[in-house]
Amino acid sequence: MVLDTYSIQETHYDILSVKQDASYEDIRASYRSAILNSHPDKSQNTSGSGDRFLKVQKAWEILGDSRARALYDIALRASRHDAIVAEDISLEDVMAEDAGEVIQLYYQCRCGDYFFVDSLELEKMGYALLRDGSKISFEAQNALPASLVLPCGSCSLKVRILINSDHFVSIDDHH
């Protein structure tokens, strides 16, 4: 049995540290910086630097070509929607906690652990959390409604959060 060790799979956008709606120029600039920083000859840390370099190169090959990028974006959206999930939930079902600089969203799994994501991870994926007093809502870069698939912290179950622009969740302040 193969276990998914990544809570959220790293995309080519994550590798180049750009948002999904980034311009070609932004992607190119980020690629140039990343390729220099990850080059095995320049890296102080030799373990894994070649792997990172290859990931950066592959990300640029896809995102630097408009046709390849369009196909990749379609596949990426499909993977977010088509993952096999144990349960579909709405934003109202999710608990939110204000941890200071980040907002943490979580939902309890039937195994007792939690499905979890924070606002920083969401930003990397192209989602923004909008705060309005004690309530938050999602804003997706793509057309709403959207969804987000999260794995459980302990077991193999996944949950899909259905994101709709008119749904809110209340925040628990713990800072």
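This is a short walk through one protein model, from its overall layout to a few side-chain contacts.

One thing before we start. The model is predicted.

Let's begin with the layout. The protein has five helices and nine strands. Read from the N terminus, the order is α-α-α-α-β-β-β-β-α-β-β-β-β-β. So much for the order; next comes burial. The protein has 175 residues, and 39% of them count as buried.

Now helix α2. It covers residues 24-38, which is 15 residues. From first C-alpha to last, α2 reaches 21 Å. That is close to the 21 Å expected at 1.5 Å a residue. Which residues of α2 are buried? They are Ile27, Ser30, Tyr31, Ala34, Ile35 and Ser38.

Ser17 is not a glycine, yet its phi is positive, about 55°. Is Ser17 buried or exposed? Its relative accessibility is 62%, so Ser17 counts as exposed. Val18 is found in the loop between α1 and α2 as well. Val18 has 11% relative accessibility, so this residue counts as buried. Now look along the chain from Val18 to Met125. The two are 107 residues apart in sequence. In space, their C-alpha atoms are 9.3 Å apart.

On to the aromatics. How many aromatic pairs are there? The count comes to five. I'll show two. Tyr13 and Tyr72 form a tilted pair, with 6.0 Å centre to centre and 40° between the planes. Tyr13 is in helix α1 and Tyr72 is in helix α4 (residues 66-82), so this pair ties together parts that are 59 residues apart in sequence. Tyr13 is buried, at a relative accessible area of 1%. Tyr72 is buried too, at 18%.

The ring centres of Tyr31 and Trp60 are 4.8 Å apart. Why is this pair called stacked? The planes are at 15°, and planes under 30 degrees apart count as stacked. The pair links distant parts of the chain, with Tyr31 in helix α2 and Trp60 in helix α3 (residues 49-63), 29 residues apart. Tyr31 and Trp60 are both buried.

Next, charges. A search of the whole structure finds three salt bridges. Start with Arg52 and Glu10. Their closest N and O atoms are 3.4 Å apart. Arg52 lies in helix α3 and Glu10 in the segment before α1, so the bridge ties together parts that are 42 residues apart in sequence. Arg52 counts as partly exposed, at 30% relative accessibility. Glu10 counts as partly exposed as well, at 39%.

Glu10 has another partner. The side chain of Lys55 meets Glu10 in a salt bridge, 3.8 Å from N to O. Lys55 is also in helix α3, so this pair ties together parts that are 45 residues apart in sequence. Lys55 is partly exposed, with a relative accessible area of 32%.

The remaining bridge joins Asp88 and Arg160, at 2.8 Å from N to O. Here the link is between strands. Asp88 is in strand β1 (residues 87-90) and Arg160 is in strand β8 (residues 158-163), 72 residues apart. Asp88 counts as partly exposed, at 44% relative accessibility. Arg160, at 12%, counts as buried. And which residues do shared partners join into one network? Glu10, Arg52 and Lys55.

Last stop, the surface. Met95, Tyr114 and Phe116 form a nonpolar patch there. Together they have about 250 Å² of accessible area. Met95 is found in strand β2 (residues 95-98). Its relative accessible area is 35%, so Met95 is partly exposed.

Another is the network of Glu10, Arg52 and Lys55. And then there is the surface patch of Met95, Tyr114 and Phe116. Thanks.

Technical notes. Residues numbered from 1 in each chain as written. Predicted model: local features only at pLDDT ≥ 70, side-chain atom pairs only at ≥ 80, totals over all residues. Heavy atoms only, no water. Helix = DSSP H or I, 4+ residues; strand = E, 2+ residues; numbered from the N terminus. Expected span 1.5 Å × (residues − 1). Buried < 20%, exposed > 50% of the residue type's maximum accessible area, 1.4 Å probe, protein only. Phe/Tyr/Trp six-rings, centres within 6.5 Å; stacked < 30°, edge-to-face > 60°. Patch = residues over 30% accessible without salt bridge, like charges linked within 9 Å, V, L, I, M, F, W, Y side chains within 5 Å. Areas by Shrake-Rupley, 256 points an atom, 1.4 Å probe, with all protein chains shown as cover. Salt bridge = Lys/Arg side-chain N within 4 Å of Asp/Glu carboxyl O.
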